[in-house]
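Here's a quick briefing to read with the structure open beside you. Take the topics one at a time and look for each spot as you go.

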Amino acid sequence: MSPRPEGRYEFVVVANRLPVDRVEEPDGRSDWRQSPGGLVTALQPVMQQADGAWIGWTGAADEDLEPFDHSHMRLVPVRLSGDEVEKFYEGFSNGTLWPLYHDVIVPPTYHREWWDSYVTVNRRFAQAAAEQAAEGATVWVQDYQLQLVPAELRRLRPDLRIGFFNHIPFPPYEIFAQLPWRRQVIEGLLGADLLGFQRGQDASNFLRACRRAVGLTRRGHTIVVRDPQGRSRRVHARAFPISIDARALDRLARSEETRERVKALRSELGDPRLVVLGVDRLDYTKGIQHRLKAYGELLEDGRVDPSEVVLVQVATPSRERVEQYRLLRDEIELTVGRLNGDHSTIGLPAVHYLHHSYPREEMVALYQLADVLLVTSLRDGMNLVAKEYVASRYDERGVLVLSEFTGAADELTNALLVNPHDIQGVKDTIVRALQMPEREQARRMRTMRKRIIEYDVARWAREFLHALRHPEDE
Ligand code: ADP
Ligand code: G6P
C-alpha cells in the first residue's frame, strides 16, 4: 500500500489500540505482535480488506512514531504519556468504565483526575482523526475508551460521517447513573450519526440513558439532537452483533498443519479421553473462578475422573498493572495450584493452566482438540471465543457451554446455556456436555455454524457501514 498524505483517507477507524502491540524481545530488539482482545480480532480482517487508516495507541508509553504500514493496514499511532496510560487507560477506561459497564462485578472507582485525562486523550484522538480524514470521509470510532470522540470530531469536522461501535455492554440506567460525568458521556456519543451496540438490550439501555441524562426522547431507535447552531440532526442507535472471519478459521482448522498439531498436543497432554477448554483474557468479567469452582467440585465428587478428562485453561495476560487484575491472577493461580495438588498425579495434571498469548494457528488447534469449550462470563459484550470454537469445528464435533450473560448467547441458542452463578447448574451442564452423544453434538454444531458463517465479520461491517452511509434506510 502506498502511503498517502495526511487528510486523504475516505475511511478511518479510531480505536484505543492499534491492532499490533510493541513488544520487547529478550535480545533487546523490539517487535510487533497482535494486540489482545476481541476488538482487534474482529476489525483486523475488515481493515485488511478496506483502503483506510487505523488510528490508535501502540500499547507503550511516551512513544512517538510516524504512520506506518503493517499486515496490509495503514496504522497511525497516537502518543500516550506514562501519566495518561495510568489515568486515561488503566484509570478511567479500565478502573471506572469497564466495571461500570459490566454490571459492577467489581466496584468502579471515580477520580476527577482520571476523568480530566480521559477528556484530554479523547480530544487528541479526535484531532488525529480530523487530520487523517478526507472531506466527507467516514470515520468509525470504537469502544468505551473513546466515547467523547464523536462530538469532539464533529466540532472539528462537521463534514464527516461519524459512526461509533460499543464492543462492551451498555449498562441499565440505574447503574450508568452512578457515573458523575454521565451527561458528558451521552453528549459525546451523540456526536455520532450512528451508534452500534452488541445486543438490542444495550441499544435500549443507551436510548433510555439519553432520556434520563439529557432529556432527549427516542422515536423508535432514533433521537433528534440540536447542534449548537440550532440545526437538528438525527442519531440512530441499534444492535449490530459483531462476529469473526468464520471462513478463515474454518480453513485454518481443516489444514494439514492444524491436524498434525492437534495430534501432537493430544499426546503432550497424555492422550486424555476428553479435553475441556477455557480461553479468556484474564479478566474478572469472564467468570474463571466460577468455572474452576464448578470443575473442582466435579473432581471432588468423583463425577469427573482426572485420569480420563483434563481441563486446559488459557488465561491471556491483560491489564496487569490494574490492581483488580493482579488480585484476580493471584486468586486463580492459587485455585489452580490447589486443584492440581488435590487431583493430579505425577505427569498427569488435572488442570493445565497457560498464562500466554498464542498464534492463531495454536488457538485453532486447541479448539479442535477440545471436546467441551467452557464460556462462563458473568457479563460479556459478545465473546468471540465462543464463535471461534464453532467456526473451527468443521467436523461438527464438540460441545459449547455458554453463559447466558454473553452477547453470543442471543445468537448461539444451540449451545448449552448456563447461568455461571448457579454452580450446581454449571456442574450438571459440564457433565451433560461430556456425555453428549455425537449425533446431538453434530445437530447443535451444524445450526450454530450456519449462523456464524452467514453472519460473519465482513457482513457485520458491511451492514453497519451501509446504515451509516444511508441513514434514509434507517
Ligand atoms: P475480549 O474481547 O473480552 O478479550 P473475546 O472473547 O470477544 O473477549 O475476544 C478474545 C479474542 O482474543 C479472541 O479472538 C481470542 O482468540 C483471542 N485470545 C484469547 N486468548 C488468547 C491467547 N492466549 N492467545 C491469543 N489469542 C487469544
Ligand atoms: C475488549 C475491549 C477492547 C480492548 C480489549 C483488550 O475486547 O472491548 O476495547 O482492546 O478488550 O483490552 P486492552 O485493555 O488490552 O486493550
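Of the 18 residues around ligand 1, the ones that come nearest are Gly38, Arg281, Thr316, His356 and Glu388; a residue counts as near a molecule or strand if one of its heavy atoms lies within 4 Å of it. Keep in mind that this is a predicted model, where local features need pLDDT of at least 70, side-chain atom pairs count only at pLDDT 80 or more, and totals for chains, interfaces and linings use all residues. On bookkeeping, residues are numbered from 1 along each chain as its sequence is written, chains are lettered from A and ligands numbered from 1 in the order in which they are written, and side-chain values use heavy atoms, with hydrogens and water left out.

**Around ligand 1**

- The backbone of glycine 38 puts an N or O atom 2.7 Å from an oxygen atom of ligand 1. A polar contact is a pair of N or O atoms within 3.5 Å; within protein, one must be able to donate a hydrogen and the other to accept it, and residues adjacent in sequence count only if both atoms are side-chain atoms.
- Arginine 281 uses its side chain instead, with an N or O atom 2.7 Å from an oxygen atom of the ligand.
- Arginine 360 has a polar side-chain atom 3.0 Å from an oxygen atom of ligand 1.

**Around ligand 2**

- Here there are 15 residues around the ligand, and Arg17, Tyr89, Asp143, Gln145 and Arg319 come nearest.
- Tyrosine 89 has a polar side-chain atom 2.5 Å from an oxygen atom of ligand 2.
- For aspartate 143, a polar side-chain atom also sits 2.5 Å from an oxygen atom of ligand 2.
- With glutamine 145, the distance from a polar side-chain atom to a ligand 2 oxygen atom is 3.1 Å.

**Helices H12 and H13**

- Helix H12 (residues 360–369) packs against helix H13 (residues 384–392) at about 75 degrees, with axes 9 Å apart. Helices (H or I, at least four residues) and strands (E, at least two) are DSSP runs, numbered from the N terminus. Axes are lines fitted to C-alpha atoms, for helices over the stretch in contact, and angles run from 0 to 180 degrees between N-to-C directions.
- That angle makes H12 roughly perpendicular to H13, since angles under 35 degrees count as roughly parallel, over 145 as roughly antiparallel, 65 to 115 as roughly perpendicular and the rest as oblique.
- Arg360, Val364, Tyr367 and Gln368 of H12 meet Val385, Glu388, Tyr389 and Ser392 of H13, where contact means heavy atoms within 4.5 Å.

**Helices H6 and H7**

- The axes of helix H6 (residues 182–189) and helix H7 (residues 200–214) come within 10 Å and cross at roughly 125 degrees.
- H6 and H7 are therefore oblique to each other.
- On the H6 side the contact involves Arg182, Arg183, Ile186, Glu187 and Leu189, and on the H7 side Phe206, Ala209, Cys210, Ala213 and Val214.

**Helices H10 and H15**

- Helix H10 (residues 288–301) and helix H15 (residues 423–435) pack at about 65 degrees, and their axes are 9 Å apart.
- That makes H10 roughly perpendicular to H15.
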